[in-house]
Amino acid sequence: MGVNGQKRILLLAARQPEVSALLEDAGFEVDTRRRPLGGDIPDADVAVVFRGRLIGRNQAAILNSKGVRVIEVLMSEPTSPSTHDWLRLSHRIPKSDLVQIIRSVADGAE
């Protein structure tokens with residue numbers, strides 16, 4: 001948990017300022033990273049990974065292997081199923097719906 005009991009969200013995305021703003025408005029503490037993670041895994045209740053050219057497929061897997069719940073937003077339709085701690089969604093999801101899903105996953109991370 002973040003400051004004042006806020007849930008911490010790691011937003012790993014090259015460009016998603018609207019999502020970051022919506023998450024902050026929803027009361028989350030947001031750690032936005034615009035480049036792939038190095039060796040250190042930030043403390044987060046949920047990681048939201050927007051996969052694309054810069055953010056590759058291994059980022060979600062690394063975070064999930066370290067016990068972080070992951071929501072991976074793909075540039076195409078997901079080709080593999082979601083699990084209870086790793087959701088795979090299409091980038092076509094409305095941003096407001098994505099925030100609701102993040103809220104639900106974060107509440108389940110307690």
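## What covers helix 1

Strand 1, strand 2 (29-33), strand 3 and helix 3 are among the elements that cover the buried residues of helix 1. Contact here means heavy atoms within 4.5 Å. Helices (H or I, at least four residues) and strands (E, at least two) are DSSP runs, numbered from the N terminus. This is a predicted model: local features need pLDDT of at least 70, side-chain atom pairs count only at pLDDT 80 or more, and totals for chains, interfaces and linings use all residues. Residues are numbered from 1 along each chain as its sequence is written, and side-chain values use heavy atoms, with hydrogens and water left out.

Val19, Ser20 and Leu23 are buried in helix 1 (under 20% relative accessible area; exposed is over 50%, partly exposed in between, with a 1.4 Å probe and protein chains only). Seen down the helix axis, these buried residues fall within an arc of 100°, so they line one face of helix 1. The arc is that of the directions from the helix axis to the C-beta atoms.

Pro17 and Asp25 are exposed, on the face turned away from the buried side. Just after helix 1, glycine 27 has a positive phi of about 95°.

## The cores

A nonpolar core is a set of buried Ala, Val, Leu, Ile, Met, Phe, Trp, Tyr and Cys residues joined through side-chain atoms within 4.5 Å. The largest one has 19 residues. Ile9, Leu23, Val48, Phe50, Ile71, Leu98 and Ile102 touch the most other members. Strand 1 (8-12), helix 1 (17-25), strand 3 (46-50), strand 4 (69-74) and helix 3 (95-108) each give two or more residues. Helix 3 gives the largest share, five residues.
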